Amino acid sequence: MRTIAAVCASLRALATRAWIPGGVLVAVLCWRPLLAALDTPITRTGATVFVAICVQALPFLVFGVLLSGAIAVGVPAAMLPRLLPARPAVAVPLAGLAGLALPGCECASVPVAGRLIAHGTPDGAALAFLLAAPAINPTVLVATSVAFPGEPGMVLARFAGSLATSVCMGLLWARFGRPEWIASRARRPLPGSAGRARFWVFVEAAGHDLASAGGFLVLGGSAATVLTVGLPLGWLDRLAGRPALSVLVLAMLAVLLALCSEADAFVAASLTNLPLLARLVFLVVGPAVDVKLAAQQCGTFGPSFTARFAPATLLVAVLAGTASGLIFLGPPR
Amino acid sequence: MSRSGQILVGLLGGALLKISYTGDYLRYVRPGQHHWLLATGATMVALALIPLLRDAVLGTAPTSGPAHQHHERRCRWLLLVPTIYLVAPPALGADAVAQRPTANPVGETPRVVPPLPTGGVPALPLSELVIRMLWDPAPLIGRELLLTGFVVHRGEATELARMVITCCAADARPITVRLVGPAAVPASGWLRVRVTVLPGSATPANGYRPSVRVLEATAIPAPVPQYEY
């Protein structure tokens, strides 16, 4: 009996450890027949889009993990909480505005926000930074003004809508969020960092963040690929003249397509038949919540965090985007 | 980082270096990303190799507690590594055009375009032709132009298309121009065509897709890069 149990246990251990190399082996051996079977227009396009999403995001992710590693070794853990004011009503907007300083897109902000939380930054403030950084940094604002040359209000509206979303979510989390919703591993300091040279801590931290965040980036990238390739976008033109419906549809589309925040303005600008307000909501929702981002958040903060945070962010972003559009762009047209 | 994590990060970094070196990265992202990709690939290889070398030299084991072993086991890197190494999917082409909105992306406000060169047969990117047809068509009328693109068929119509990307191939949008006689056009592949425009053919109703008369069509190998930006 005992031997059977031992064999089962070792088989199970083998299965969990060997599936990665095993998968590679199968892929290498079978890739030609597999490819022939999968060689349809949709899969060809899908493969290109998938590789493109990953290749495009990796520089930002690496930048994010290097920054996160630098925070891990350069900033003493007790310092960040002391830098921020104690009252969330002040700390959260400040953290949101700090997002102005991180150039890049959403892939960079998740590891950095994860490190902030591990270093003891209040959750609300770190989450406000997480949402604000990809949406209001200068690169994104410049891209938006280039994409909408005739609509200077668009840049202002995007900035206001995204900042409002991040501050609202930060305050909501500070008020109603529970610490245990964030996975305990996110709060753990670096493994084995005590008493070791800073350089090794940096290399270990960056490498570890890269391996785990990258896996979830690939997962989110595959989801976005399926949706990008599978969604028939031809019917979007029929939404012309229906402002409320267009707002909802474009908000969902922003979640499903998971475009990079530096590129989404150009896609929004190309949807010329749709109301400007709906396209603004597309730009406010996209950097705050989408499938790729949700996968990465799930990897860093855990599923019970993402299940609460992502839907709430979507709701707040739609409301904040709409309000900001009504203020800065005028009534729907 | 666990050993398998190190190896995967290093492999992926190597794949990025490879596509940057061979130029295949142009199928996925803009030319301006080249240096970023090289730096990213080199950083990833370094992050993977440095701890491996240290462990080999000092004879130490990889540092990882049981908790984050468990966490890392879920990494899905490998989806990407074989894709880049083994498949190297091609640039988006005629297949992708059918899955995208049909209307050409044009701005809402007039674009200032530089004057057309006076002599000869100017070569225009398709995106520029569409902008000019919309905002400043007069200088185009009666001129012969050279266009480059690939052939797509939409119903009865034959069109010349080009993909425009902003950041990466995931945000690619097709630009299409309708080809009408008299010269014969190959059924597929990349073409350079000598054309004259049909004035007033790009309307809101047809999604700002202008029609051009083909005087001569030459099959060419795919240009590098295949996208317009």
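Helix 5 of chain A runs for 13 residues and covers 19 Å from first C-alpha to last, close to the 18 Å expected at 1.5 Å a residue (that is, 1.5 Å times one less than its number of residues). Keep in mind that this is a predicted model, where local features need pLDDT of at least 70, side-chain atom pairs count only at pLDDT 80 or more, and totals for chains, interfaces and linings use all residues. Residues are numbered from 1 along each chain as its sequence is written, chains are lettered from A in the order written, and side-chain values use heavy atoms, without hydrogens or water.

**Around helix 5**
- 13 of the 13 residues of this chain A helix are buried, so it is largely enclosed by the rest of the structure (buried means under 20% relative accessible area, with a 1.4 Å probe and protein chains only).
- Just after helix 5 of chain A comes Gly120(A), with a positive phi of about 95°.

**Chain A overall**
- You'll find 15 helices and zero strands in chain A (DSSP runs: H or I of at least four residues for helices, E of at least two for strands).
- Of its 333 residues, 54% are buried.
- Take the chain A contacts between residues at least 6 apart in sequence: 84% join residues at least 24 apart (contact means heavy atoms within 4.5 Å).

**Nonpolar cores**
- The largest nonpolar core has 53 residues, and Leu210(A), Met44(B), Leu92(B) and Met163(B) touch the most other members (a core is a set of buried Ala, Val, Leu, Ile, Met, Phe, Trp, Tyr and Cys joined through side-chain atoms within 4.5 Å).
- Helix 2 of chain A gives this core the most, 13 residues.
- Another core, of 36 residues, lies apart from it and includes Leu239(A) and Val255(A).

Conventions. Buried < 20%, exposed > 50% of the residue type's maximum accessible area, 1.4 Å probe, protein only.
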